[in-house]
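User: I am new to this structure. Please show me how to read a few of its features.

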Amino acid sequence: MPGKKILRILRNLAIAFFGSTILVTIIYRFVPVYVTPLMVIRCGQQIIDGEEVTLKHKWVSFDKISKHLPMAVIASEDNKFATHHGFDFEAIQMAVEESERGKRSRGASTISQQTAKNVFLWPESSWIRKGFEVYFTVLIETFWSKERIMEVYLNSIEMGKGIYGAEAAAKYKFHTTAKKLSRGQCALIAATLPNPLRFDSANPSRYILRRQAKILRLMQLVPKFPPSSKR
């Protein structure tokens, strides 16, 4: 029967999708993420634009990243990262209300959501991608620790043109290592994350310097991460 055959195919596809995505998520709990879809897409865009392909990225473990950087990105991007389960529903509600009033919608994506998008998905926003983003966020919150999510985030986030992760940003922006980034440098990096292709942490504008100052103040207020860190 054609109908039963189609249902069987759909069932097999669903099993393959869920099985493979869960397996990859579990593998990435232990294995470094050396390349992401965004890195590949950006390289493709550079080729199409006739530019030299630039991809600067080096994975480093969490203990080789400045203790100030997690605090800076939490203060800037996701104050409730340590306590939520992947989604900040209060921030989502506020974003919806602002959108309904015709205001510019604020960002409501958590660090967990951004990590899911960076590691598994493409950058362009759509309802389809948002749906997959929710799914992968649930997966990483289920199988990874908060420290692992932060480690992957800080190693995969875009921090400049062709620059991905804390180690590359430290080297090419501040001529140091991720471990030696100062509190101020970490706040500058975090200040540019909403648009790292437009803003340069190495040559900050007045706007970025104002954001840096705000982030430095917030870093004193948000809970220490990770809570038991002895670094």
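User: Which residues make the nonpolar surface patch of about 510 Å²?

Analyst: This is a predicted model, where local features need pLDDT of at least 70, side-chain atom pairs count only at pLDDT 80 or more, and totals for chains, interfaces and linings use all residues. Residues are numbered from 1 along each chain as its sequence is written, and side-chain values use heavy atoms, with hydrogens and water left out. Areas come from the Shrake-Rupley method with a 1.4 Å probe, and for residues only the protein chains shown count as cover. Here the patch consists of I6, L7, I9, L10 and L13.

User: Is I9 buried, partly exposed or exposed?

Analyst: Buried means under 20% relative accessible area, exposed over 50%, and partly exposed in between (1.4 Å probe, protein chains only). I9 has 44%, so I9 is partly exposed.

User: Where is E151, and what is it in contact with?

Analyst: E151 belongs to helix α7 (residues 146–156); helices (H or I, at least four residues) and strands (E, at least two) are DSSP runs, numbered from the N terminus. Its relative accessibility is 11%, so E151 counts as buried. Contact means heavy atoms within 4.5 Å. Leaving aside neighbours within four places in sequence, E151 touches W59, V60, S61 and F62 in this sense.

How values were computed: Patches are made of residues with over 30% relative accessible area and no salt bridge: like charges are joined within 9 Å, nonpolar side chains (Val, Leu, Ile, Met, Phe, Trp, Tyr) within 5 Å. A salt bridge is a side-chain nitrogen of Lys or Arg within 4 Å of a carboxyl oxygen of Asp or Glu.
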